[in-house]
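User: I'd like to learn how to read a model like this one, feature by feature. Could you take me through it?

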Amino acid sequence: MTPASNPESASTQLPNLTLSSEQVAQLDWLRMAIGAENTKEAILRSISVMVTLKQNLKSGSQLFIHNSDGQIRLLIPELEPSPIENWQYLVERPHPWRRQLYIKGRKLLASTVWRDAIANEMSPEEAAENWDLPLAAIQEVMHYCEMHQELLQLEAEEERYRLEVKGVSLESKTTA
């Protein structure tokens, strides 16, 4: 039975939903962008789109947007299959929009360690010493991040967008 065919869904009342000002702004933008009459209609249309995508996206399939420049892969973390790998040093953590893994026992993103090692041209051994992690953990981080570069890029872009919306300047402040 699909959610749309559930006869109870027409009469179900959800408790009040508390949204941040950023989420309200996103909903307002979405409402205007899709021409919905009100926020409820925008939410219901969005749910319908996600349900349709999830129901029709077969295992191993990918979404692409075709435009005049070619095609671009559309990465929607909520539609991506759950990783089936068993990681020894990496774990999932609840987060409103991040889907990448963290170092087990720390509030440390795998990508933070990976990007730091790349930016500072560290060997895995140097990164292990720098982050006080076992060498095997660094090797697992590197393997994970190399396998999930699209997700990491998407999350970096999302973080950049969220900072810009908050008015945080991302420009270099060095003087000439």
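User: How many salt bridges are there by the rule used here?

Analyst: A salt bridge is a side-chain nitrogen of Lys or Arg within 4 Å of a carboxyl oxygen of Asp or Glu. By this rule the count is six. Keep in mind that this is a predicted model, where local features need pLDDT of at least 70, side-chain atom pairs count only at pLDDT 80 or more, and totals for chains, interfaces and linings use all residues. Residues are numbered from 1 along each chain as its sequence is written, and side-chain values use heavy atoms, with hydrogens and water left out.

User: Where do Glu41 and Arg45 lie?

Analyst: First the term: helices (H or I, at least four residues) and strands (E, at least two) are DSSP runs, numbered from the N terminus. Glu41 and Arg45 are both in helix H2, four residues apart, or about one turn of the helix. Their side chains form a salt bridge, with N to O at 2.3 Å.

User: Is Glu41 buried, partly exposed or exposed?

Analyst: Buried means under 20% relative accessible area, exposed over 50%, and partly exposed in between (1.4 Å probe, protein chains only). Glu41 has a relative accessible area of 22%, so it is partly exposed. Arg45 also counts as partly exposed, at 35%. Across the protein, buried residues make up 24% of the 176 residues.

User: Which residue forms a salt bridge with Glu150?

Analyst: That is Arg73, the closest N and O atoms being 2.7 Å apart. This pair links distant parts of the chain, as Glu150 is in helix H6 and Arg73 in strand E2 (residues 70-74), 77 residues apart. Glu150 counts as partly exposed because its relative accessibility is 44%.

User: Why are Arg162 and Glu158 separated by about one helical turn?

Analyst: Because they are four residues apart in helix H6. The side chains of Arg162 and Glu158 meet in a salt bridge at 2.6 Å, N to O. Salt bridges that share partners also join Glu22, Glu158 and Arg162 into one network.

User: What is the volume of the largest pocket?

Analyst: Pockets are found on a 1 Å grid over the protein atoms alone: a pocket is an open set of points where a 1.4 Å probe fits, with protein on both sides within 12 Å along at least five of seven lines, and lining residues have an atom within 4 Å of a point. Points are joined across faces, edges and corners, and the volume is the space filled by probe spheres set on them. Here the largest pocket has a volume of about 1500 Å³. Of its 30 lining residues, Gln26, Leu30, Glu78, Glu158 and Arg162 lie nearest the centre. H1, helix H2 (39-56) and helix H6 (149-165) each supply at least two residues of this lining.

User: Which residues make a nonpolar surface patch?

Analyst: Patches are made of residues with over 30% relative accessible area and no salt bridge; like charges are joined within 9 Å, and nonpolar side chains (Val, Leu, Ile, Met, Phe, Trp, Tyr) within 5 Å. Areas come from the Shrake-Rupley method with a 1.4 Å probe, and for residues only the protein chains shown count as cover. Leu17, Leu19 and Val24 make a patch of about 260 Å². Leu19 is in the segment before helix H1 (21-34) and is partly exposed, with a relative accessible area of 34%.

User: How many helices and strands are in the protein?

Analyst: The protein has six helices and four strands, and along the sequence they follow the pattern α-α-β-β-β-β-α-α-α-α.
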